[in-house]
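Please look at the sequence and the 3D structure shown here before reading on, and keep both in view while you read the report.

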Amino acid sequence: VSSTFVDCSLVYPNDAEKEDKKSWLGGGAIYAAGDASTLTVRDSTFTRCTAPDGEGNGGAIVAAEVRDVEITGSRVGECSCGEHGGAFYLDGESGSRTLSIRDTDFDQNGDQNDQKMRNVITIRGFEHVELVGITAKDNSNGGGNEASAVIEFTEFDKNFCASPGDGQCE
């Protein structure tokens with residue numbers, strides 16, 4: 001099943017909600033959390049999705065402490081946030097976790113005027129990461145610089161595989 005998300009934004013109902021750490025984590029279109037959960041996104045489009053200015057993560061998607069994440073055949077454009085992952089903030093935290101992003105395009109993500117935004121995709125804590133057939137074009141990080149770090153890896157260990165799209169990631 002394909003989905004389309006356009007002009008999605010995380011909005012606080014009041015200042016108290018803003019103080020709750022989970023509320024400001026972000027995810028303009030999708031917020032997934034939970035140790036036993038799996039997030040699967042296929043053939044979907046995310047356009048102009050945002051997380052809160054100055055402090056939110058993951059303009060389109062936040063996956064926090066999710067066991068497995070699979071994103072395939074999708075397009076992400078013009079998404080931004082205030083901190084990490086203008087498009088995606090993917091946090092495996094710990095344990096046996098797998099992240100796979102395949103055949104997905106990232107185009108014109110990031111806000112060149114937001115001095116705090118650091119990258120287009122943040123990946124942290126996964127034991128196995130597979131990136132196959134990813135295209136990144138005209139993305140930016142804070143301050144108007146071309147994205148020097150389209151993808152940021154933190155707390156990364158174990159297995160990593162990147163491929164231009166021939167499916168030879170093992």
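This is a predicted model: local features need pLDDT of at least 70, side-chain atom pairs count only at pLDDT 80 or more; totals for chains, interfaces and linings use all residues.

One of its elements is an open sheet of five strands, which follow one another in the order β1-β4-β7-β10-β13 and pair in the parallel sense. The edges of this sheet are formed by β1 (4–6) and β13 (135–137), each of which pairs on one side only. On average, and with direction ignored, neighbouring strands of the sheet are turned by 5 degrees against each other.

Within this sheet, strand β7 (residues 75–77) runs parallel to strand β10 (residues 105–107), and three bridges join the two. Arg-75, for example, has Asp-105 as its bridge partner in β10.

## Strands β3, β6 and β9

Five bridges connect strand β3 (residues 38–42) with strand β6 (residues 68–72), and the pairing is parallel. Strand β6 also pairs in the parallel sense with strand β9 (residues 98–102), again over five bridges.

Leaving aside residues up to four places away in sequence, Val-69 touches Leu-39, Ala-63, Leu-90, Thr-98, Leu-99, Ser-100 and Phe-126. Leu-90 stands 21 residues from Val-69 along the chain, yet the C-alpha atoms of the two are separated by 8.2 Å.

## A cluster of aromatic rings

A pair of aromatic rings is described by the distance of the centres and the angle of the planes. The count of such pairs here comes to three. In one of them, the rings of Phe-46 and Phe-88 have centres 6.4 Å apart and planes at 85 degrees, so the pair is edge-to-face. Because Phe-46 lies in strand β4 (residues 45–47) and Phe-88 in strand β8 (residues 88–91), this pair ties together parts that are 42 residues apart in sequence.

Phe-88 also forms an edge-to-face pair with Phe-106, at 5.3 Å centre to centre and 80 degrees between the planes. This pair links distant parts of the chain, with Phe-88 in strand β8 and Phe-106 in strand β10, 18 residues apart. Phe-46 and Phe-88 are both buried, and Phe-106 is buried as well, with a relative accessible area of 1%. Ring pairs join Phe-5, Phe-46, Phe-88 and Phe-106 into a cluster.

Technical notes. Residues are numbered from 1 along each chain as its sequence is written. Side-chain values use heavy atoms; hydrogens and water are left out. Two strands pair if DSSP finds at least two bridges between them. Helices (H or I, at least four residues) and strands (E, at least two) are DSSP runs, numbered from the N terminus. Axes are lines fitted to C-alpha atoms, for helices over the stretch in contact, and angles run from 0 to 180 degrees between N-to-C directions. Contact means heavy atoms within 4.5 Å. Rings of Phe, Tyr and Trp (its six-membered ring) pair if their centres lie within 6.5 Å; planes under 30 degrees apart count as stacked, over 60 as edge-to-face and the rest as tilted. Buried means under 20% relative accessible area, exposed over 50%, partly exposed in between (1.4 Å probe, protein chains only).
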